[in-house]
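I am opening a notebook on a structure that is new to me. The entries below follow the order in which I looked things up.

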Amino acid sequence: MIIRNESTGTLQGLNSILSEVTANDNVQGIIILAANNAEFVPAGIDPILESIAKPLIGGIFTSIIFNDEVLDCGVIVAGLTRELKTVVVPGLSDPGKDFDYVINNMEDNLVDEKAETMFVLVDGYSKQVSRLLESLFNSFGVNLNFLGGG
C-alpha cells in the first residue's frame, strides 16, 4: 500500500498526490480521506475523481488522522495493491429497507475468497446505518475485518 498525505487541502495538492499514487502500476484501487476544511466542492473535485481510471472510494470527514496527528485540513490518499470492489447501497435512511436481502444478493460482488477487510463508508446523517452494519456482520461475521467511517 502506498499512503500519501497532503495538508493544504487544495485541489492542486489532491491532484498532485493522486497523480503520484495512480502512476504506480501496482496500485489497483484508491482510498481518499479528506478533512472537512479542504476546498473540495463538487464542481472542483468531480473532474479530478472522474479522471481516475482505477476504482476508488472515499469521503469527507470532520477530521482525519495521519501518523498520530489529527488534521482538520488536508487529504490522505492510499493506493491499494489489491483489487478494490466498490458497491453502493442505496436507502440508508429507509426504515423499511431489508439490508439482509440487499447484502445477500450482492455478496458475490462485495468480497472474494481472498478478501480480508471490508471498508464501509456511509453518510453519517443516514438513519439506518446501525441496521446496515448489523446486516453486514450477520452475513460476514468474524470472517472479515471491518474498517470505516461516516
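**Entry 1: surface patch.** Which residues make the nonpolar surface patch? I find Phe137, Val142 and Phe146, and together they make a patch of about 310 Å². I note that the model is a predicted one. I placed Phe146 in strand 8, which covers residues 145-149. Its relative accessibility is 31%, so I list Phe146 as partly exposed, the class between 20% and 50%.

**Entry 2: confidence.** The pLDDT of the protein averages 88, and 96% of the residues score at least 70. Which element has the lowest mean pLDDT, and which the highest? Helix 3, residues 99-110, has the lowest mean at 78. Strand 6, residues 75-80, has the highest at 95.

Entry 3: Four of them form an open sheet, and I read their order as 1-6-2-3, with mixed pairing. Why is one side of strand 1 and of strand 3 left without a neighbour in the sheet? Strand 1 (2-6) and strand 3 (56-61) stand at the edges and have a single partner strand each, so one side of each has no neighbour there. From one strand to the next, the twist averages 10 degrees.

I also checked how strand 2 and strand 3 are joined. Strand 2 spans residues 29-35, runs parallel to strand 3 and is joined to strand 3 by six bridges. Opposite Ala35 I find Phe61 of strand 3. As background, I note that strands of a sheet pair through backbone hydrogen bonds, either parallel or antiparallel.

**Entry 4: a loop with positive phi.** Next I looked at the loop between strand 4 (64-66) and strand 5 (69-71), where Asn67 is found. Asn67 is not a glycine, yet its phi is positive, at about 50 degrees. Asp68 lies in the loop between strand 4 and strand 5 as well. Its phi is also positive, near 65 degrees, and Asp68 is a residue other than glycine.

Are these residues buried or exposed? Asn67 has a relative accessible area of 64%, which is over 50%, so I list Asn67 as exposed. For Asp68 the value is 81%, so Asp68 is exposed too.

**Entry 5: Asn138.** My last stop was helix 4, residues 129-140, which holds Asn138. Asn138 counts as exposed because its relative accessibility is 52%. How far apart are the C-alpha atoms of Asn138 and Ile103? They are separated by 9.7 Å, while the two residues are 35 residues apart along the chain.

Key
Residues numbered from 1 in each chain as written. Predicted model: local features only at pLDDT ≥ 70, side-chain atom pairs only at ≥ 80, totals over all residues. Heavy atoms only, no water. Pairing = 2+ DSSP bridges. Helix = DSSP H or I, 4+ residues; strand = E, 2+ residues; numbered from the N terminus. Axes fitted to C-alpha atoms, helices over the stretch in contact; angles between N-to-C directions. Patch = residues over 30% accessible without salt bridge, like charges linked within 9 Å, V, L, I, M, F, W, Y side chains within 5 Å. Areas by Shrake-Rupley, 256 points an atom, 1.4 Å probe, with all protein chains shown as cover. Salt bridge = Lys/Arg side-chain N within 4 Å of Asp/Glu carboxyl O. Buried < 20%, exposed > 50% of the residue type's maximum accessible area, 1.4 Å probe, protein only. pLDDT = per-residue confidence, 0-100.
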